[in-house]
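Hi everyone, thanks for coming.

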Amino acid sequence: MIYDPQINLGTARAEYFRRSGFPLDGGYSERWIKVKVWHVPIWLPNTEGRRRAVKLHDLHHVLTEYPTTWRGEAEISAWEIGSGGLQKFWAGWWLDLMNVAQGIIINLGGVYRGFMRGRQTRNLYAAEFNEELLDSLVGD
């Protein structure tokens, strides 16, 4: 998924949601989220802490182009840990650690590359999500 650097993050995020099969709001308003573990659905509460983190996490998917697959989630989680700033987002920290743990089993090389890429870049966790962020261009 390569996004045009001249479009804004809001437009790119809407396309990311569409391509990933997510609701128009990314599922942020849902009380529960469904995660499949080896084809077995598990329902988890969509806590306020998770919502705060996942709004930025979804923008990270757009900016880094990691897919929403098991392998891709392990890679982006390693990237987020490597690039830092998760201290304010405990739910995001916990979810990233869980994704890296499963990634070590199924995608060790991708986890390593994601972490090392993160050590050389920054992420959006230094700020809180706000709607103005969506007006920024992907290329910025």
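Let me begin with a term I'll need in a moment: a polar contact is a pair of N or O atoms within 3.5 Å, where, within protein, one must be able to donate a hydrogen and the other to accept it. Please keep in mind that what you see is a predicted model.

With that in hand, let's go to Arg-51, which sits in helix H2. A polar atom of the Arg-51 side chain lies 2.5 Å from the backbone oxygen of Tyr-28. Is Arg-51 buried or exposed? Its relative accessible area is 18%, and the cut-off for buried is under 20%, so Arg-51 counts as buried. Once we leave aside neighbours within four places in sequence, the residues in contact with Arg-51 are Tyr-28, Glu-30, Arg-31 and Asn-46.

Arg-51 also has a charged partner. Side chains of opposite charge can pair when their charged atoms come close. Here, Arg-51 forms a salt bridge with Glu-48, with the closest N and O atoms 3.2 Å apart. Both of these residues belong to helix H2, and they are 3 residues apart, about one turn of the helix.

Now to another salt bridge on this helix. Arg-52 and Glu-128 meet through their side chains at 2.8 Å, N to O. This pair links distant parts of the chain: Arg-52 is in helix H2, Glu-128 is in the segment after helix H5 (108–119), and 76 residues separate them. Arg-52 is partly exposed, at 27% relative accessible area, and Glu-128 is partly exposed as well, at 38%.

How many salt bridges are there in the model? The count comes to 4. One of them joins Arg-18 and Glu-15, whose side chains meet at 2.6 Å, N to O. Why are these two about one helical turn apart? Because they are 3 residues apart in helix H1. Arg-18 is exposed, with a relative accessible area of 58%, while Glu-15 is partly exposed at 23%. There is a network here too: salt bridges link Glu-15, Arg-18 and Arg-19.

Take Val-62 as an example. Not counting residues up to four places away in sequence, Val-62 touches Tyr-3, Leu-9, Ala-12, Arg-13, Tyr-16 and Val-138.

My last stop is His-61, which is found in helix H2, residues 48–64. His-61 is buried, with a relative accessible area of 1%. What is His-61 in contact with, leaving aside its neighbours within four places in sequence? The list is Tyr-16, Tyr-66, Pro-67, Thr-68, Glu-73 and Ile-76. To get your bearings on screen, the C-alpha atoms of His-61 and Arg-31 are 22 Å apart, and these residues are 30 places from each other along the chain.

Terms used:
Residues are numbered from 1 along each chain as its sequence is written. This is a predicted model: local features need pLDDT of at least 70, side-chain atom pairs count only at pLDDT 80 or more; totals for chains, interfaces and linings use all residues. Side-chain values use heavy atoms; hydrogens and water are left out. Helices (H or I, at least four residues) and strands (E, at least two) are DSSP runs, numbered from the N terminus. Buried means under 20% relative accessible area, exposed over 50%, partly exposed in between (1.4 Å probe, protein chains only). Contact means heavy atoms within 4.5 Å.
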